[in-house]
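Subject: Structure for you to look at

Hello,

Here is the structure I promised to pass on. Please open it next to this email and follow along.

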Amino acid sequence: MSDARAVEELKTQAEATKSGIPYADTTDIVEAADTGGVLSLAQLREYQVAPLQVSGNHAIELGITAQTDRTRLPQLQQAVAHTQLTFKTISRSGFNYILNHIYYRQFQPERDGDFKAFGNKLKIAAPKDAFGLIAQLAFWLGASDIHIEPQTDSARVRFRLDGVLHPITEVATDAYKIFLSDLQTRAEIKWGSDEPQTGRISYDLMDNHAEIGRVDMRIETIPSFHGEEIVVRIFNAETRNLHLEEMGFSPPQVQRIDEVTAHPNGMMLTVGPTGSGKTSTLYAIINRLNNPETKIITLEDPVEYDIAGISQVPVKSDDKELFIEKLRAVLREDPNVIMIGEIRDVDTAKTALQAALTGHLLLSTFHATNASTAISRMLDMIGSNPLFPSAIRMIIAQRLARRICDNCAKEIPATAEEQAFLKRALATITPDRQPKINPQTVKLKKGEGCKECHGLGYKGRIAIVEMMAITPDIEKLMTAPDRTTAQDIESLAVKNGMATLLEDGLNKVLAGITTVEEIIQLEAS
């Protein structure tokens with residue numbers, strides 16, 4: 001119990017003594033009492049009472065606070081005439097805890113995957129409250145995005161869970177128009193615009209411990225044939241403390257990143273397609289570097305998470321002149337570490353290279369399919385530049401694969417398709433690093449589907465990575481007078497010890513972390 005809560009309970013005891021209504025300690029309550037439908041949550045909120053103890057259907061002990069209007073309690077007793085109500089004085093924190101848990105309990109079917117029950121709740125909810133309910137369920141399920149898509153006579157609601165879109169329910173068109181208008185007002189987005197728009201909002205949402213917290217969201221709207229479509233990105237506060245190990249980086253991989261970032265200068269890039277977790281990896285690296293002795297500045301479009309201890313500068317990356325001006329201003333502040341959300345053009349690339357060579361550690365993302373392609377594309381962008389090989393220290397290419405749910409994982413023999421994949425993947429790995437397995441007899445883990453993973457067999461995601469350290473051999477290849485191809489760079493990197501995306505994916509399949517199906521899908525991205 002916190003000191004503040006202890007003080008609150010002492011004050012509540014004093015109030016109880018003064019009022020003559022006995023005090024009840026709520027600090028040890030784990031589960032809220034169930035009134036069996038005798039008192040609804042709406043009634044509890046209206047009369048500001050909380051159930052403490054239920055004896056059958058005929059007696060309920062209720063907690064009241066300083067905010068409870070005691071003159072209305074006889075009215076409440078009349079409303080449940082066949083049940084005897086008794087009262088005790090409780091703290092406001094205790095009251096909030098109990099009612100939060102009752103609200104949380106009412107949504108248990110939805111958290112177990114009963115989305116029909118959720119659709120019924122939406123139908124009876126006031127239209128202005130509909131989006132709040134949608135956002136709340138998405139947050140409970142751990143969704144990264146909410147997609148609301150108007151159709152002929154309704155709006156479809158889908159959640160992105162672990163990278164995959166899942167249909168949840170539909171909302172009546174009239175209700176959708178009402179909460180769309182409310183969202184646009186709150187996000188400072190123009191109503192009825194013919195152009196895509198972006199805004200931000202915050203909601204008080206309940207986590208899976210029934211505790212309320214402020215959650216930030218980014219709103220994207222785009223005009224469609226049936227109306228404005230909404231995509232809501234949920235910024236889960238827990239991701240502000242990302243750790244490389246939890247994301248799927250092995251101890252040797254984390255050690256290599258630490259070795260590179262221990263240098264006072266140089267460039268590190270994370271590459272991959274949209275949604276591959278590039279920025280999350282940069283945040284995780286920044287979390288490792290963040291300390292009172294290190295000055296860290298980021299340039300982001302937009303700033304997704306407010307991280308204590310670093311300076312974050314919002315920029316509009318499509319305004320190239322302003323972006324470069326801000327980047328140069330950042331350099332004049334002489335920080336130790338600079339993070340640029342993304343390198344998109346030649347000017348940004350050249351300024352970033354200059355920063356990496358003048359006493360700054362430069363972190364950024366770049367669009368490329370793998371590490372070797374990133375080098376080839378960067379050389380195409382900046383031309384023959386002798387600074388680049390000496391500036392770049394590491395490129396991390398990555399994808400995100402779904403994790404097998406630990407709660408329902410089972411080992412089963414590999415299918416014919418999985419055996420074919422294992423043989424193909426093993427053939428790409430040098431003999432000294434090949435896992436010692438027989439594809440025809442190996443057993444692989446799969447999730448059967450359970451309440452914890454909402455029947456999907458997966459829960460959470462893991463990074464599949466390849467990490468190319470820029471060795472002297474690769475530097476020479478980058479500066480060779482003849483045209484260097486991505487294949488040449490990858491072959492040399494593998495010879496120097498780099499594990500490709502396919503190899504890392506194979507290792508995580510054999511470790512029982514993800515499935516062959518996930519790696520096959522990632523190969524196509």
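Below is what came out of it, from the whole chain down to single residues.

Overall picture. Keep in mind that this is a predicted model. The chain has 525 residues, and 47% of them count as buried. It holds 20 helices and 18 strands. The C-alpha trace spans about 90 × 60 × 55 Å along its principal axes. Accessible surface comes to about 25500 Å², with 50% of that belonging to carbon and sulfur atoms. Among contacts with a separation of 6 or more, 65% join residues 24 or more positions apart. As for charge, there are 56 positive and 70 negative charges, and their mean positions lie 1 Å apart.

The cores. The largest nonpolar core has 65 residues. Those with the most contacts inside it are F131, I134, I146, I148, F159, F179 and M217. Helix α7 (residues 127-141) gives the most to this core, namely 10 residues. Take a look at F131. It touches I146, I148, F179, L183, I201, Y203, M217 and V232, leaving aside residues up to four places away in sequence. Another core, of 61 residues, lies apart from the largest one. M267, I338, L353 and A414 are among its members.

Start with α13 (residues 346-357). Its 12 residues should span 16 Å at 1.5 Å a residue, and its end C-alpha atoms are 17 Å apart, so the two values agree. T348, A349, T351, A352, L353, A355 and A356 are the buried residues of α13. What do they pack against? The partners are β10 (266-271), α12 (320-332), β13 (337-340), β14 (361-366), α14 (371-382) and α15 (387-391).

Helix α11 (residues 278-289) also has its length checked: from first C-alpha to last, its 12 residues reach 17 Å, close to the expected 16 Å. Buried in α11 are K278, T281, L282, Y283, A284, I285, I286 and L289. Note that K278, a lysine, is on that list.

Two loop residues. D162 is not a glycine, yet its phi is positive, at about 50°. It sits in the loop between β5 (154-161) and β6 (164-172). A210 is not a glycine either, and has a positive phi of about 65°. Look for A210 in the loop between β7 (197-206) and β8 (212-224). Is A210 buried or exposed? Its relative accessibility is 3%, so A210 counts as buried, the cut-off being under 20%.

Best wishes

How values were computed:
Residues numbered from 1 in each chain as written. Predicted model: local features only at pLDDT ≥ 70, side-chain atom pairs only at ≥ 80, totals over all residues. Heavy atoms only, no water. Core = buried A, V, L, I, M, F, W, Y, C linked by side-chain atoms within 4.5 Å. Buried < 20%, exposed > 50% of the residue type's maximum accessible area, 1.4 Å probe, protein only. Helix = DSSP H or I, 4+ residues; strand = E, 2+ residues; numbered from the N terminus. Contact = heavy atoms within 4.5 Å. Areas by Shrake-Rupley, 256 points an atom, 1.4 Å probe, with all protein chains shown as cover. Lys, Arg positive; Asp, Glu negative; His and termini not counted. Charge placed at Lys NZ, Arg CZ, Asp CG, Glu CD. Expected span 1.5 Å × (residues − 1).
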